[in-house]
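Biologist: Hi! I've just opened this one and I'm new to it. Could you walk me through it?
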Amino acid sequence: MNSLMAEMGEKALALGIPLTVQLDLTYRCNERCVHCYLDHDDHGEMTAAEYKKLLDELAEAGVLFLTLSGGEIMLRKDFFEILEYARSLMFSVKLKTNAVLIREEEARRLRELAVESVQISVYSHRAEVHDAITLLPGSLEKSIEAARFLKSQGLRVMLADVLMRQNQQDYGGVKALAAELGVQFFLDPTITPMMDGDRSILSLNVNQDALQKVMRDEALVGNVEEFCSIPNGASEDDLESFPCSAAHTFCYVSPYGDVYPCVQFPLPSGNVRRTPFLEIWNQSPQLNEVRSIHLRDLPSCSQCVHGNTCTRCPGLAFLEGNMRGPSTQDCEKSFARTGIPSKNLEAKRASANGQSAVRGLIQIQGVSISSAPQTA
Amino acid sequence: MSGEVRTQRELHSPGKQYVARSTQIAARRIGDEIMIMSGSEATVYTLNDVAAAIWEEADGATAIQEIVERRICKEFDVAPEVALQDALALVEELAGHGVLVVSEAPIATKMLGKDQR
């Protein structure tokens with residue numbers, strides 16, 4: 001299945017087809033997760049009619065894999081109307097939800113509509129930790145109940161955990177909980193900056209020691225020796241490759257109709273309320289700029305020893321100020337994985353050392369100045 | 001939705017056979033192929049151009065015999081009896097995987113894919 005999927009992915013890439021789109025239905029949420037990158041106010045969400053028109057356009061464009069996310073998707077009263085329409089257009093639909101509002105009846109309907117999978121956000125197996133992150137008392141219990149309802153319907157369920165300081169000891173517990181429920185488990189070690197560029201929540205990221213522990217956990221990464229092997233740098237073929245699928249076979253549409261290369265890459269590229277999706281996909285200068293970038297075009301990363309193995313996210317690089325620059329969070333992951341600093345981290349260290357040296361020089365000058373009167 | 005999966009012997013019976021796309025799968029045309037995801041089997045299929053043509057015509061209201069006569073024979077320059085035999089084999093295989101639904105009567109198409117591009 002994977003090779004056939006890869007083959008179809010390559011075909012979609014060659015044909016310029018957006019095989020996968022994430023569509024957020026709302027930014028409103030019944031949880032207030034401390035690490036969330038969204039503004040939860042409603043600034044004018046698209047109506048069900050607008051979503052249906054967009055779904056028609058996405059089907060026309062060749063989108064097969066559709067992720068419906070938010071915000072909390074179940075807060076939309078017309079959620080099932082939109083989902084039913086999407087399934088009538090034969091999208092393969094994946095849902096991302098906290099599942100607090102999914103009870104037996106909703107699980108049954110999701111099964112009837114044959115959604116591909118349901119991803120539930122769970123940050124700890126302990127209610128006191130999970131609920132302190134979601135700021136919704138009782139949320140872990142509700143989410144786990146929902147996972148059981150969905151599983152009992154025969155749906156594919158995944159528990160998605162985000163690694164942060166508050167729960168860094170608990171991912172093993174969530175993994176065990178997933179095993180007990182008979183569902184999949186996924187751990188994301190990356191905190192994403194706010195979509196408006198506010199980076200304050202990055203302080204929730206775990207430190208290097210904790211990240212290294214995760215990267216060397218066989219239960220998570222499989223073959224540690226292979227996963228953490230010394231990188232060789234990018235080959236000529238690697239240099240011709242694209243950084244990721246954003247704008248190539250993937251894009252993101254916000255609840256307000258804004259199109260971005262990815263949910264983690266908030267470069268405004270058009271709005272489906274004003275312009276048909278396919279026109280944006282084919283003609284947006286922003287999307288065309290993103291898809292013009294090869295690894296060879298990244299000044300630092302193309303020269304980096306991690307060039308061919310790094311998980312560099314161009315969206316995180318963009319949020320750091322330069323879509324052709326490095327993503328320091330991914331540099332830190334590569335460092336945690338291999339013990340070898342990236343070109344970017346080396347430059348930052350050198351810069352920090354340089355600053356220290358300058359500060360030292362200023363201090364010396366200060367001493368000489370301050371001592372001057374004493375000697376005068 | 002009415003309709004049921006039939007065995008090969010039943011498919012070869014003289015009456016008309018109607019085929020419809022299952023409501024339980026996802027599908028899209030990628031270039032000259034149709035890509036089909038069967039969530040229940042966690043399987044992906046691709047259909048070549050001939051199979052894709054049958055898939056596209058599988059609206060529940062058109063008999064497979066008509067699909068073969070009207071589209072396959074015309075587009076692919078193949079003898080009717082050979083085309084029908086191959087089409088029935090394909091339909092049987094896809095029905096066995098839950099991708100198509102087969103019935104001796106037309107199949108109601110509420111919630112069937114209205115767009116198989």
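Biologist: Let's start with the sheet in chain B that contains E1: in what order do its strands come?

Modeller: This is a predicted model, and in it 3 strands of chain B form an open sheet in the order E5-E1-E6, with antiparallel pairing.

Biologist: Which strands stand at the edges there?

Modeller: Strand E5 (59-63) and strand E6 (100-103) of chain B do. Each has a single partner strand, so one side of each is left without a neighbour in the sheet. From one strand to the next, the twist averages 25°.

Biologist: And how many bridges hold E1(B) and E6(B) in their pairing?

Modeller: Strand E1 (residues 18-21) pairs with E6(B) over 4 bridges, in the antiparallel sense. If you want a spot to look at, B:Val19 has B:Val102 in E6(B) as its bridge partner.

Biologist: Nice. Which helix lies across those two?

Modeller: That's helix H4 of chain B, residues 80-96, which lies across E1 and E6 of chain B and runs at about 115° to E6(B).

Biologist: Switching to chain A. How confident is the predictor there?

Modeller: The average pLDDT of chain A is 92, and 94% of the residues score at least 70.

Biologist: Good to know. How far does H6(A) reach?

Modeller: Helix H6 of chain A, residues 139-152, reaches 20 Å from its first C-alpha to its last, close to the 20 Å expected for its 14 residues. After H6(A) comes A:Gly154, with a positive phi near 85°.

Biologist: Which elements do its buried residues pack against?

Modeller: The buried residues of H6(A) pack against helices H4 (104-112), H5 (127-134) and H7 (171-181) and strands E4 (117-121) and E5 (157-162), in chain A. Among those buried residues are A:Leu140, A:Phe149 and A:Leu150.

Biologist: What is A:Leu150 in contact with?

Modeller: Leaving aside neighbours within four places in sequence, A:Leu150 is in contact with A:Ile102, A:Ala107, A:Leu110, A:Val118, A:Leu155 and A:Val157. Together with A:Leu66 and B:Leu100, A:Leu150 has the most contacts inside the largest nonpolar core, which has 126 residues. Apart from that core lies another of 6 residues, including A:Leu295 and A:Cys301.

Biologist: You mentioned H5(A). Take A:Glu128: buried or exposed, and why?

Modeller: A:Glu128, which lies in helix H5 of chain A, counts as exposed because it has 8 C-beta neighbours inside 10 Å, and the cut-off for exposed is 12 or fewer. Its C-alpha atom is separated by 8.9 Å from that of A:Leu140, 12 residues apart along the chain.

Biologist: Last one: how many residues are in contact where chain A touches chain B?

Modeller: 19 residues of chain A are in contact with 20 residues of chain B. On the chain A side, helix H1 (2-15) and helix H2 (48-61) each supply at least two residues, and H1(A) gives the most, with 6 residues.

Definitions and conventions: Residues numbered from 1 in each chain as written. Chains lettered and ligands numbered in written order. Predicted model: local features only at pLDDT ≥ 70, side-chain atom pairs only at ≥ 80, totals over all residues. Pairing = 2+ DSSP bridges. Axes fitted to C-alpha atoms, helices over the stretch in contact; angles between N-to-C directions. Contact = placed C-beta atoms within 7 Å. pLDDT = per-residue confidence, 0-100. Expected span 1.5 Å × (residues − 1). Buried ≥ 20, exposed ≤ 12 C-beta atoms within 10 Å, placed from the backbone. Core = buried A, V, L, I, M, F, W, Y, C linked by C-beta atoms within 7 Å.
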